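Reader: Could we go through this one together? I am new to reading structures, so please take it slowly.

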Amino acid sequence: MNEALVAVMPSGNWNQFRNQLTSALITIWDEEIADVAFSKTRVENKPYGPLIDFLNLTLLAITGKAPGPSGAAQSIEAYRKFGYVPLLNQKFGP
């Protein structure tokens, strides 16, 4: 089993768990699927792409909440810069 998949549901720090899970998902995408990339629409400047969809759908399925396109893009950009997703001020949807 890939070490990136090993996660324990949090008993206290939900944000840290969510960011570790997001980092693991982006790492899996980067190593197994495709480049860590996304695009933005011209009119609304809204992020979109397969990785944005993958993060939102996977996080929604696991945690019951998704960061939305902008939150996913913020995590992707942090991963590109740091190699992981640090604690960010992300607001996950209901």
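Reader: How much of the protein chain counts as buried?
Author: This is a predicted model, and in it 38% of the 94 residues of the protein chain count as buried. The accessible surface of the chain comes to about 6,000 Å², and 53% of that surface belongs to carbon and sulfur atoms.

Reader: OK, and how many helices and strands are there?
Author: The protein chain has 3 helices and 2 strands, and if you follow it from the N terminus on, the elements run α-β-β-α-α.

Reader: What angle do the axes of H2 and H3 cross at?
Author: Helix H2, residues 50-63, and helix H3, residues 68-82, have axes that cross at roughly 105° and come within 9 Å. An angle from 65 to 115 degrees counts as roughly perpendicular, and H2 and H3 are therefore roughly perpendicular to each other.

Reader: Which residues make that contact?
Author: From H2 the contact uses Leu 51, Ile 52, Leu 55 and Asn 56, while H3 brings in Gly 68, Pro 69, Ala 72, Ala 73 and Ile 76. Sorted by class, the contact of H2 with H3 has 7 nonpolar and 2 polar residues, with no charged ones.

Reader: Switching topic, where does Asn 45 lie?
Author: Asn 45 sits in the loop between strand E1 (39-40) and strand E2 (47-48), and its phi is near 55°, which is a positive value in a residue other than glycine.

Key
Residues numbered from 1 in each chain as written. Predicted model: local features only at pLDDT ≥ 70, side-chain atom pairs only at ≥ 80, totals over all residues. Heavy atoms only, no water. Helix = DSSP H or I, 4+ residues; strand = E, 2+ residues; numbered from the N terminus. Buried < 20%, exposed > 50% of the residue type's maximum accessible area, 1.4 Å probe, protein only. Areas by Shrake-Rupley, 256 points an atom, 1.4 Å probe, with all protein chains shown as cover. Axes fitted to C-alpha atoms, helices over the stretch in contact; angles between N-to-C directions. Parallel < 35°, antiparallel > 145°, perpendicular 65-115°, else oblique. Contact = heavy atoms within 4.5 Å. Nonpolar A, V, L, I, M, F, W, Y, C, P; charged D, E, K, R; others polar.
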